[in-house]
Amino acid sequence: MWSCWRWSMIWTRVAIKSEDYSSRSSPLSSPPLNLRPSELRRTAHRRKRRLSNSRPPASLTPVQSTIQKSHPRLSSSILQKNLSKPISWSSGNQILRQGPEAEMVAGRYSPPWFSVAPMMECTDNHYRTLARLISKHAWLYTEMLAAETIVYQKDNLDRFLAFSPDQHPIVLQIGGNNLDNIAKAIELANPYGYDEINLNCGCPSPKVAGHGCFGVRLMLDPKFVAEAMSVIAANTDAPVSVKCRIGVDDHDSYNELCDFIYKVSSLSPTKHFIIHSRKALLNGISPAENRTIPPLKYEYFYALMRDFPDLRFTINGGINTVDEVNAALKLGAHGVMMGRSAYQNPWRTLGHVDTAIYGAPSSGITRRQVLEQYQVYGDSVLGRYGNKPNIRDVVKPLLHLFYTDPGNGPWKRKADAAFQHCKTIKSFFDETLVAIPDYVLDAPVAEPPSGREDLFANTLSLMPHPYENRDQKVVLEA
């Protein structure tokens, strides 16, 4: 049998006073990174007890916790009639939601209107720490973790599953091809307190969808996906979701996509699907080419929203700027997931998420302040697991922080040399950041890159005919 990955969400209302990084005079202590499961259980219990004993206030922002430390260098109307979540846009970038998502807003964190996609060798602990320093509202995903890895590494789980509490809201994406291992993996992950569990039915990598027999290949077996989602839901209190493509090879008709969505949602508790709006080709092209060669079909995504108004859908694929995120939301998407652009240009992408998408006031944070806080994190985790992580591991997500800015090239060259001998993040910054002008380090985030105005042109008029079989009885395959 095959197995997948999936993500889910928990909400609880918390009032937080917005913080001004430029004027904060005293540091706030953060819980330590990589707490042991027993410590995490106690922390979660105390948090739950505090929330249950207090009346939830009205403001809805994620918990914000930062550390500061001095450093020498770092001082459509046709569609919306059928949507379960109407959207209205008011002045001042304030986004107002109603319907089922309004209930989510009553939860602990902001809704996943924007999330960063799970990316292998990218969205690790280090990148997520950087991302959370820049955006307090974006939903973050782990790299995909195979269920077998979690099960076989049960004596070394912190290395794979532990994260700082500051990273909430955070989603664990899991994959595998064995229901027993999936169940065991979820049980082992539960003490870490992930806000959602995601089953991946979209990865086209030959190691995953080929020899591994899961990832996007699971779309060919919706009955198993439903079984896997039921197993996951039975072993966790966190919400569950599926991330998938719009098709696989020649199985790419809209009706086949609807069959998958209908069967999985009917036979399991899954009510949230993240749709990468391209099909996957399993032979002949690389995973990178699978992100560009198959054409985007946003009309399939919005047709799903029309035909399954009781479900929630997050759009993924080809959306690279905050302007394009807002365009997708305005057209009706419940949420938008961004991948490579959020990794390759984190400052100008994530730096606008809180204000432009969630309507929060600007924090005014600068990259100097981000690096001050990241230095504290980096030096605290170096060598935690023997030789890992090393300087290069911890610094890797920072290599895109000055994308296209003055000094970026010289800084990367200095970084290559510093990797050879620096033993701390502090010494690495002392040696390399002299290449970045002060006015770059101290400037707040600049205007975001402009989006493509025609990205969703004619999307609604191109939607396929309504799903013909959604009201028929699901026939289970033997």
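Which residue is the bridge partner of Arg245 in β9? The legends below, written for a predicted model, begin with this pairing.

**Figure 1. Pairing of strands β8 and β9 in the predicted model.** The bridge partner of Arg245 in β9 is His276. Strand β8 comprises residues 240–245 and pairs with β9 in the parallel sense, over four bridges.

**Figure 2. Pairing of strands β9 and β10.** Strand β10, residues 312–316, is joined to β9 by five bridges, and the pairing is again parallel in sense. Within this pairing, Thr314 of β10 stands opposite Ile274. Helix α11, residues 298–307, together with β9 and β10, forms a right-handed β-α-β unit.

**Figure 3. Burial of strand β9.** Strand β9 spans residues 272–276, and five of its five residues are buried; the strand is therefore largely enclosed by the rest of the structure. In a regular strand, side chains alternate between the two faces of the sheet. On one side of β9 lie His272, Ile274 and His276, and on the other lie Phe273 and Ile275. Both faces are covered, as every one of these residues is buried.

**Figure 4. The buried side of helix α18 and its packing against α19.** Helix α18 runs over residues 408–418, and its buried residues are Asn408, Trp411, Ala415 and Ala418. Because they cover an arc of only 85° around the axis, these residues lie on the same side of α18. An α-helix has 3.6 residues a turn, so residues three or four places apart point the same way. The buried residues of α18 pack against α19, which covers residues 425–432.

**Figure 5. The whole protein and the confidence of the prediction.** The protein contains 20 helices and 11 strands. Of its 478 residues, 56% are buried. Its accessible surface comes to about 20200 Å², with 51% belonging to carbon and sulfur atoms. The mean pLDDT is 80, and 74% of the residues reach 70 or more. Over residues 1–106, the pLDDT is below 50, and in the model this stretch has 304 contacts beyond near neighbours in sequence. Where pLDDT is low, the predicted coordinates should not be read in detail.

Methods
Residues are numbered from 1 along each chain as its sequence is written. Side-chain values use heavy atoms; hydrogens and water are left out. Buried means under 20% relative accessible area, exposed over 50%, partly exposed in between (1.4 Å probe, protein chains only). Helices (H or I, at least four residues) and strands (E, at least two) are DSSP runs, numbered from the N terminus. Two strands pair if DSSP finds at least two bridges between them. A crossover is right-handed if, with the strands pointing away from the viewer, the path from the first strand over the helix to the second runs clockwise. The arc is that of the directions from the helix axis to the C-beta atoms. Contact means heavy atoms within 4.5 Å. Accessible areas come from the Shrake-Rupley method with a 1.4 Å probe; for residues, only the protein chains shown count as cover. pLDDT is the predictor's confidence in each residue, from 0 to 100.
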